[in-house]
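Trainee: I've got a new model open and I'd like to learn how to read it. Can we start with charged pairs?

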Amino acid sequence: MQYLKIVEQYGSPAYVYQLDSIDLAFQDLMNSLPTGSRIYYSLKSNPHPSIIKHLLNLGAKAEVSSINELQVALKAGARADECLYTGPGKTEKEVRFAIMHDVKWFSIESWTDAERLSRLCELHQRQVNAIIRINPSKPANQVGLSMSGIASQFGIDEEGLDCIPDHICKNHWLTISGLHIYQSTNLMNSKDVESNLKYSIRIMARICARLGIRPELLDIGGGFGCPFAKAGPRPDFSSIKPSLEQVLDEVFPQWRKGDPQIAFESGRYLTGESGTLITTVTDVKTSKNQTFIIVDTGIHHLGGMSALGRIPKVAVQMLEYPKHRLYKNATVVGPLCTPLDYLLREVSLPEAQPGDHYLIPNVGAYALTASLMGFLSRENPVEIVMYKGRILDVSRIVLSRTEGNYN
Ligand SMILES: Cc1ncc(COP(=O)(O)O)c(C=O)c1O
């Protein structure tokens with residue numbers, strides 16, 4: 001279905017996700033990773049139920065970091081014992097919820113996190129596995145958004161990791177079954193991804209030897225990048241496979257037999273390219289020689305992380321523009337009452353008028369749910385999922401308040 005027809009039928013703004021693009025991304029990622037690798041889909045990048053379901057059907061497992069993510073994964077068909085629960089600052093409530101719903105795999109980010117899990121699984125008599133998240137002593141390279149090798153809330157520092165506390169080792173309900181490293185995110189260059197992952201594998205081998213862990217699962221992370229809100233293809237990471245396999249052969253010689261199971265995590269690489277946001281111009285005005293094009297979407301629907309200082313540079317494409325005059329100095333803004341609500345500043349764009357539409361490509365990941373959805377209490381865009389040219393489902397996220405007593 002064409003985008004114009006979608007706007008006519010479902011209104012604007014609208015997110016359209018193409019599952020065909022997820023098929024290709026999943027296949028490309030599988031072809032880039034050591035044979036037999038497990039892929040965890042990081043729901044944080046896009047928790048749309050149809051996207052999760054599709055990725056589960058392709059063979060991905062769910063990586064979740066909240067009760068709601070776990071619930072949506074289970075509802076989409078994930079097996080609880082195959083989900084991986086990650087994240088710093090897990091609460092008693094969520095750990096209990098996950099354990100009671102038969103989640104078996106947890107990444108632990110500190111000894112406090114481990115102790116909480118250990119206590120709760122013993123209390124509720126549920127057998128669980130933990131993989132220790134390591135913060136390497138140094139970063140492999142300083143690219144992307146580094147989350148490790150630096151002072152960070154993520155993982156346990158490699159340098160202080162000499163033993164596993166006694167009370168955790170002695171708890172029969174909890175098994176330390178492997179390691180987890182997630183170094184950086186959104187790497188666009190395969191050499192950077194390769195050196196990060198090789199570095200992580202070697203650290204894991206050292207730590208397993210040091211702590212006497214016989215790993216069942218090694219989650220080596222990812223960092224597989226994808227363009228955000230601008231046109232362009234996903235990077236090609238296929239060159240990393242042979243060299244990762246070589247390092248694994250060297251340090252974990254039984255890995256090809258699944259001992260240990262090798263796993264990676266990915267969000268944006270799998271879903272980023274699948275999403276397009278359609279928006280409509282509501283006003284065009286001039287102020288002090290600058291053109292302002294006001295559209296019906298903004299940081300409440302896209303790139304809301306700009307409010308946290310991560311201002312995305314988005315690109316818009318006009319869906320249809322019969323006029324050919326260019327604005328030399330146009331700013332595209334959203335409807336929110338803050339000057340922070342802009343999509344593009346001082347760019348050259350074709351002349352527009354109310355009713356015209358723009359498309360923003362590559363917004364299948366960290367878009368709607370990573371934005372300031374609640375700000376100004378505006379309606380969320382409709383979300384349309386398409387597969388093989390047909391609409392699979394149409395939905396809208398509604399934020400609602402429930403009343404009652406909560407603990
Ligand atoms: C631990 C962990 N795993 C997976 C991801 C997903 O990252 P991406 O969507 O870039 O693949 C992140 C993102 O920050 C993360 O922190």
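Mentor: A salt bridge here is a side-chain nitrogen of Lys or Arg within 4 Å of a carboxyl oxygen of Asp or Glu. The general idea: side chains of opposite charge can pair when their charged atoms come close. In this structure, Glu-63 pairs that way with Lys-44, and the closest N and O atoms are 3.1 Å apart. Glu-63 sits in strand β3 (residues 61-64) and Lys-44 in the loop between β2 (38-42) and α3 (49-58), so the pair ties together parts that are 19 residues apart in sequence. Helices (H or I, at least four residues) and strands (E, at least two) are DSSP runs, numbered from the N terminus.

Trainee: How many salt bridges does a search of the whole structure find?

Mentor: The search gives 25. Before you go on, note that this is a predicted model: local features need pLDDT of at least 70, side-chain atom pairs count only at pLDDT 80 or more, and totals for chains, interfaces and linings use all residues. Residues are numbered from 1 along each chain as its sequence is written, and side-chain values use heavy atoms, with hydrogens and water left out.

Trainee: Got it. How is the protein chain divided into domains?

Mentor: Domain 1 covers 2-12 + 273-394, and domain 2 covers 20-271; such bounds come from an automatic or database domain assignment. The C-alpha centres of the two lie 33 Å apart. The contact (heavy atoms within 4.5 Å) takes 26 residues from domain 1 and 23 residues from domain 2.

Trainee: And what area do domain 1 and domain 2 bury between them?

Mentor: The size of an interface is often given as the accessible area lost when the parts come together. Buried area is that loss, taken with a 1.4 Å probe and summed over both parts. Here it's about 2,000 Å², 50% of it on carbon and sulfur atoms. Glu-273, Asn-362 and Tyr-366 supply 35% of the area that domain 1 buries against domain 2, more than any other three residues.

Trainee: Which residue forms a salt bridge with Glu-273?

Mentor: Arg-234, with the closest N and O atoms 3.0 Å apart. The count between domain 1 and domain 2 is 1 salt bridge. There are also 13 residue pairs in polar contact between the domains, both residues at pLDDT 80 or more. A polar contact is a pair of N or O atoms within 3.5 Å; within protein, one must be able to donate a hydrogen and the other to accept it, and residues adjacent in sequence count only if both atoms are side-chain atoms.

Trainee: Next, the ligand. How many residues surround it?

Mentor: There are 12, and the closest are Tyr-182, Thr-185, Glu-265, Arg-268 and Tyr-366; a residue qualifies if one of its heavy atoms lies within 4 Å. Glu-265 has a polar side-chain atom 2.6 Å from a ligand nitrogen. Arg-268 places a polar side-chain atom 2.8 Å from a ligand oxygen, while Gly-267 has a polar backbone atom 2.8 Å from an oxygen of the ligand.

Trainee: Last one, backbone geometry. Which residues does a cis peptide bond join?

Mentor: Ser-12 and Pro-13, with omega about 0 degrees. Pro-13 is in the loop between α1 (3-10) and β1 (14-18). The bond from Asp-259 to Pro-260 is cis as well, with omega near 5 degrees.

Note on methods. Buried area = accessible area lost by both parts, 1.4 Å probe.
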